[in-house]
Amino acid sequence: MKLNRVVVTGLGSLTPIGNTIDEFWHGLVNGESGAAKITHFNPENFKTQFACELKGLDLNNHFDRREIRKYDNYTSYALIAVKEALQDSSLNLDDIDKNLAGVIWGSGIGGIKTFSEEVENYVLNKKTPRFSPFFIPKMIADIAAGIISIQYGFKGPNFATVSACASSSHSIIDSFNYIRLGKANVFVCGGSEASIHPAGVGGFNALRALSTKNNKPQKASRPFDVNRDGFVLGEGAGALILENYEHAIQRGAKIYAEIIGGGMSADAYHITAPHPKGEGAINVMKQALSDANIEPSHIDYINVHGTSTPLGDLSEMKAIHTVFQDNIYKLNISSTKSMTGHLLGAAGAIESIASILAINKNIVPPTINLESLDPELDPKVNYTANSMQEKNIHYSLCNTFGFGGHNASIIFKKI
């Protein structure tokens, strides 16, 4: 069976270092940190008192009061990013077959703010169980995908991917596969997360997953550094418009990159810890390379999962060494989580966007805060430490791994 080619024709982002694609890219290449003391709530009683929050965002500028009441923030963030991506794509929605336009959207947690506040309100007022009629549709993790399709009239495949931090990467891979198989011509995909909330911070603190460097939040996300002590929680959204290549060419679309391969695997090891030898990560990168029909030597840049956790960074680098062998010394590696923090279910989306723009701009964004390399890591590898590097990038690979052992890798190609 001949598979359709799949290209990226639109991008949209809402991140802790910029509320548009241009702002996001500017923040990446300039090595800006999005970390600061939490303002969404009083964090004084928490072990971690900082996060990578969105900045300068007023939802009243994007939605009317009635819409704000109906949406959890994770859905609002999704709609803002999707609007930018669709505008960027220049798709004329009146000219496309909406039966062949789909939406697959990822979120690891969904409406945690809505869930927590409704339950808290019940506990405080349990004589009268008063729940909002919007409670369930605001909270469920699939509602963003549904609302996007309702808003734009897309009647093709529509669902949510929920695989922790791999959620939005899985949404991209699923969309890629549907177009390859001829099930759709256009897909909106990506992910959003809004978990900077007492329940989110408290829950990750209980897992000892978050950095506690409260005195230097901008230095706290430090992948590969010997002094890393956990990830920094982030929030936001990333949206991609994928199209059948022929469909895009016929309408004269600008094309950012082609997606040529995707891999999905499971660690089958532990609920939160990565496999110590990186077995799941090895398998998923090999799958992506095989799917793309290229060799490890073709890859120029890897946007790593790189969360800044002691176990995760070591496991991923062991896997990369195993897959790429001596080719590892010819490519660039960087973790953009050092700047954005960890957007959980939205991580794969914004990091795929970073990988695509790296190809488009021939620039590798840096890993900031890498001051003293962990001695267990290979010092000959190019981690793109602390400042961006110019590089002619033909192929980039983006890794995301989630709690539960969910792994995803995507390969993008210059076109």
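Guide: One term to start with: buried means under 20% relative accessible area, exposed means over 50%, and partly exposed is in between, using a 1.4 Å probe and protein chains only. This is a predicted model, where local features need pLDDT of at least 70, side-chain atom pairs count only at pLDDT 80 or more, and totals for chains, interfaces and linings use all residues. Residues are numbered from 1 along each chain as its sequence is written, and side-chain values use heavy atoms, leaving out hydrogens and water.

Visitor: Okay, is Tyr 152 buried or exposed?
Guide: Tyr 152 counts as buried, because its relative accessibility is 14%. Phe 154 is buried too, at 4%.

Visitor: How many aromatic pairs are there?
Guide: There are 11. Rings of Phe, Tyr and Trp (its six-membered ring) pair if their centres lie within 6.5 Å; planes under 30 degrees apart are stacked, over 60 edge-to-face, and the rest tilted.

Visitor: Why is the pair of Tyr 152 and Phe 154 tilted?
Guide: Their planes are at 35°, so the pair is tilted, and the ring centres are 6.1 Å apart.

Visitor: And what about Phe 204 and Phe 231?
Guide: That pair is edge-to-face because the planes are at 75°, with centres 5.3 Å apart. Phe 204 is buried at 10% relative accessibility, and Phe 231 is buried at 5%.

Visitor: Which residues make up the cluster?
Guide: Phe 115, Tyr 122, Phe 131 and Phe 135, linked by ring pairs.
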